[in-house]
There are 2 protein chains.
Amino acid sequence: MDAAQIAQVRRFNRVATERAGALSERFLGRRRPLGQARLLWEIGRDGAEVRDLRARLGLDSGYLSRLLRALEGEGLVAVRPDAADARVRRATLTPRGVREWDELESRSETLAASVLEPLSERHERELVSAMKTVERLLTASLISVAVESPRSPAGRWCLEQYYAELRERFDTGFDPATSSLPDPGEMAPPKGLFLLARLRGEPVGCGGLIVHGEEPAEIKRMWVAPEVRGLGLGRRLLSELERKAREAGAPATRLDTNRNLTEAISMYRSSGYAEIADFNGEPYAHHWFEKRLPPSD
Amino acid sequence: MDAAQIAQVRRFNRVATERAGALSERFLGRRRPLGQARLLWEIGRDGAEVRDLRARLGLDSGYLSRLLRALEGEGLVAVRPDAADARVRRATLTPRGVREWDELESRSETLAASVLEPLSERHERELVSAMKTVERLLTASLISVAVESPRSPAGRWCLEQYYAELRERFDTGFDPATSSLPDPGEMAPPKGLFLLARLRGEPVGCGGLIVHGEEPAEIKRMWVAPEVRGLGLGRRLLSELERKAREAGAPATRLDTNRNLTEAISMYRSSGYAEIADFNGEPYAHHWFEKRLPPSD
DNA sequence: TCCATTCTCTGACTAAAGTCAGAAATATCA
DNA sequence: TGATATTTCTGACTTTAGTCAGAGAATGGA
């Protein structure tokens, strides 16, 4: 990452912000304040719970309440208590609100079209394909990886997804109880740790590490959500776990895997893992890998 | 331009705006209001005239004045009358203001670096190159083309740039008086028209058309500023002029050019122009071209 | 020299956005 | 059942952003 690359990112930010400015003018184009327009948009055709809106837009509850009253006053929105939990309230669009929403939608579409309109067909295709790349990789860079507890709701959810995928992909199905997989508690200090990847707050991947003192550390339960595959998250989790293992003084990392997880196997090989003999007797595994770690400094 | 392309542009807008949001938080990160921070940034290390700031930021003069007073009050900015014209005032940063500006600069750099930081080297290169493409083509799509008077300040400026370039590139130099180039007045209704291309308000290209009734119309003084070459503006101007000629009932468009303007010649050829005999006796020309126009409907 | 124009500033506003401290209703759990 | 937490709402604010009219100084051109 050199200065020229950073300068390019900054130039890009400037131009993209200029265009994004046009986007908020799309909202401002209506005579409605931006805050109200954004809220109307966020409620959407299907409606939304007020607490969700608060979280998504990051608004103060008092302020949000007032915005809702304003939209209600204009006959665009109706707010009713939730059937299941009467503390929670749901906002839905009235027929007039839906018309207004459609109008915003169509403005947004017109704006997008106006970006392509002045370009020749060749440049148009070139721009769309570059935008696709930028969107994909910008999304990748929005993913944060941090140590969390495997017992947290997000941690449990990822592990559940992981098991479900194994059940589906292994020839024999998969039952966590039969596997020699460690108890979640093992992936917590002092014996190990658990990394969780999040995109916009939602969990999208995980990976566990178990440290065995001077022996090689074990990498377990690496999982990446299907919607973010191909963005390099697997490799990122892997190298982060290796770093943590090195910091803990492990001379190497080891892992096992099933023959059906072909992408994982090729990622391990290309990340410097060499196949070794069965070291843990895991009944679901067909391959065992190890990577020597350079000493931490 | 199909629905899938438009959808991609919208997805891109969403993600890029999300990142751009981080950008305004960079400003908000300081405890200073966004408006003040933007102004401080825009004044820059070299200072700026107040009227320029007003134009660049698009602010009301009263509002700008108050923002300047606020920054002055904090000891970040000094405003002094311009030496040449005492109506104009220049804003410059005080040493403290420079420190503040450097802080914003470094925040912006850190933000840009944080976009690349989570990516592998391969993805990093891929992202930077896609950003470059997006920036280039988004800039192209920000260029507006409109009919203006060739006598307007912007029109004159473009023509002057055009002449200067011919002087430089023609083997024989160039003197508008010797050329059979038309008087600017001819490129105005009813005999013709003049197109001017602008990027963020600044003129970046032009092209004139002279209509000869039922005879082929003539295209004259096509010029594209060096900094926006390669973005398809020449072709855009050309096809717009052809459209105007067709609307005026011309059966064809004609033009002449000098042998040294090789990019122009190849653009004419690839746009459907065929070489014809000298039709106007222009002393500086070596090639004459014509393109038949399908009748307008 | 006078008149129109340019440029900046001040005073007097408004609207939008956001904050904070409770109150009230409902749900959850020991 | 009671204590605690969650969710939304209202009232009473502040700050930011922006508009508009007009004053006053300086300039440029007839």
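Guide: Two residues are in contact if their C-beta atoms, placed from the backbone, lie within 7 Å. This is a predicted model, in which local features need pLDDT of at least 70 and side-chain atom pairs pLDDT 80 or more, while totals for chains, interfaces and linings use all residues. Residues are numbered from 1 along each chain as written, with chains lettered from A and ligands numbered from 1 in written order.

Visitor: How many residues of chain B are in contact with chain A?

Guide: On the chain A side, 44 residues take part. The number for chain B is 44.

Visitor: Which helix gives the most to the side of chain B that touches chain A?

Guide: Helices are DSSP runs of H or I, at least four residues, numbered from the N terminus. α1 (3-29), α5 (95-116), α6 (121-142) and α8 (233-247) of chain B each supply at least two residues. With 16 residues, the one that gives the most is α6(B).

Visitor: Which helix gives the most to the surface near DNA strand C?

Guide: At least two residues each come from α2 (34-43) and α4 (61-73) of chain A and from α3 (50-57) and α4 (61-73) of chain B. With six residues, the most comes from α4(B).

Visitor: At what angle do the axes of α2(A) and α4(A) cross?

Guide: The axes, lines fitted to C-alpha atoms over the stretch in contact, come within 10 Å. α2(A) and α4(A) are therefore roughly perpendicular (65 to 115 degrees). The crossing angle is roughly 80°.

Note on methods: Axes fitted to C-alpha atoms, helices over the stretch in contact; angles between N-to-C directions. Parallel < 35°, antiparallel > 145°, perpendicular 65-115°, else oblique.
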